[in-house]
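Have the model open while you read.

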Amino acid sequence: MYKSVETLLVDIPTIRPHKLSVATMQTQTLVLVKITATDGTVGWGEATTIGGLSYGEESPESVKANIDTYFAPLLSSVQNQNIAQISKLIRKTINGNRFAKCAIQTALLDIQAKRLSLPLSEILGGRLRDRLPVLWTLASGDTDKDIAEAKKMIELKRHNTFKLKIGARPLQEDVDHVIAIKKALGPEVSIRVDINRAWTELECIRGIQQLQDGGIDLIEQPCAIQNTDALARLTQRFEVAIMADEALTGPDSAFRIAQKHGADVFAVKVEQSGGLIEACDVAKIACLAGIDLYGGTMLEGPVGTIASAHAFSTFENLAFGTELFGPLLLTQEILTTPLQYENFELVVPNAPGLGIEVDENKIEQLRR
């Protein structure tokens, strides 16, 4: 039984403008879900999106409205049901709303793991690693600023792999920007690009060839979400790894793309997948199909980030690392003890549940 379900919108400025092809972010709105069970155990989840409705079909405001209106009454009505049974009921009763479903499932798993005195990773099958490599996204849009930022991150031993958000400017301008940064940082530093589905197939052919020749290691979601046939053609055409991101909306889409080997790499995101359990299913499909894995982010705060880390720690194959840097992009801390980033990695906690303690006083100050 669950006593209460609270949904909180927390607006936190970012350390700098974060430019994508679909939006420029200067503030991130964290959507935090707090579920309190009748025995007093509290679980936390997160359903953060990017740029309101510019990225996906859910916004912070719609997530809160739908959780408050539909999910909360449903949870208050269940009795003596386990997480699998509750998840089945939610799927039957509520369509879509993958981000909201992920937040609810995360909080329920947090409660269950705390009751068992286990880290959340151990009820997802068990972790294979205690630390996850984390890249940093260079998204100021200014070549010199991005180079300086990357060099600083390397010096601090925080990140030594970088991703560039492109697609908002003319193709050649973006390509020249990326290759200039690659040349400045040298052959030992891995550079990837995320085009955020901005290019047509013809633009992809022209742009990816130059990026491949320039030593770029990974091309993320270059074409439209629906155009999975083009994604497959690009995968077959180029040697550089092509990654599916927004085209992945859970296990069903992962299976369809894997059937035709429509990508070299899957960017697994727990929210886009509809939950931690579903994200693990996406990873299993990829593994069976011989597709590499990358741990993605929706630029979540620390709650969603560490939930993702617990899931990714169970992946057998994590060839392209993760981008779980979301909390480092924020100017405010909402945990009593911040997540541990060191030696280019994020440490996965061993404490029960998510292994974090939310600073509710700080959240109260920052919430809308």
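Which residue forms a salt bridge with Arg91? That partner is Glu278, and the closest N and O atoms of the pair are 4.0 Å apart. A salt bridge here means a side-chain nitrogen of Lys or Arg within 4 Å of a carboxyl oxygen of Asp or Glu.

A quick word on the ground rules. This is a predicted model, where local features need pLDDT of at least 70 and side-chain atom pairs count only at pLDDT 80 or more, while totals for chains, interfaces and linings use all residues. Residues are numbered from 1 along each chain as its sequence is written, and side-chain values use heavy atoms, leaving out hydrogens and water.

**Two domains**

The chain is split into domain 1 (1-120 + 357-364) and domain 2 (121-345), with bounds that come from an automatic or database domain assignment. In the contact (heavy atoms within 4.5 Å), domain 1 takes part with 43 residues and domain 2 with 51 residues. Their C-alpha centres lie 23 Å apart.

The size of an interface is often given as the accessible area lost when the parts come together. Here is that value with two counts for the same interface:

| Domain 1 with domain 2 | Value |
|---|---|
| Buried area | about 3900 Å² |
| Salt bridges | 2 salt bridges |
| Polar contacts | 22 residue pairs |

Buried area is the accessible area (1.4 Å probe) that two parts lose on being put together, summed over both. Carbon and sulfur atoms give 63% of it. A polar contact is a pair of N or O atoms within 3.5 Å; within protein, one must be able to donate a hydrogen and the other to accept it, and residues adjacent in sequence count only if both atoms are side-chain atoms.

**A link across the sequence**

The salt-bridge rule gives a count of 23. One of them joins the side chains of Glu149 and Arg16, at 3.0 Å from N to O. Glu149 sits in helix H4 (residues 143-155) and Arg16 in strand E1, so this pair ties together parts that are 133 residues apart in sequence. Helices (H or I, at least four residues) and strands (E, at least two) are DSSP runs, numbered from the N terminus.

**What the record says**

An unreviewed UniProt entry lists Lys165 and Glu323 under "active site". They are spread over 159 residues of sequence, yet cluster in space, with a largest C-alpha distance of 12.7 Å. Lys165 belongs to strand E6 (residues 161-165). UniProt positions follow the numbering used here, feature names are shortened, and annotations may be inferred rather than shown by experiment.
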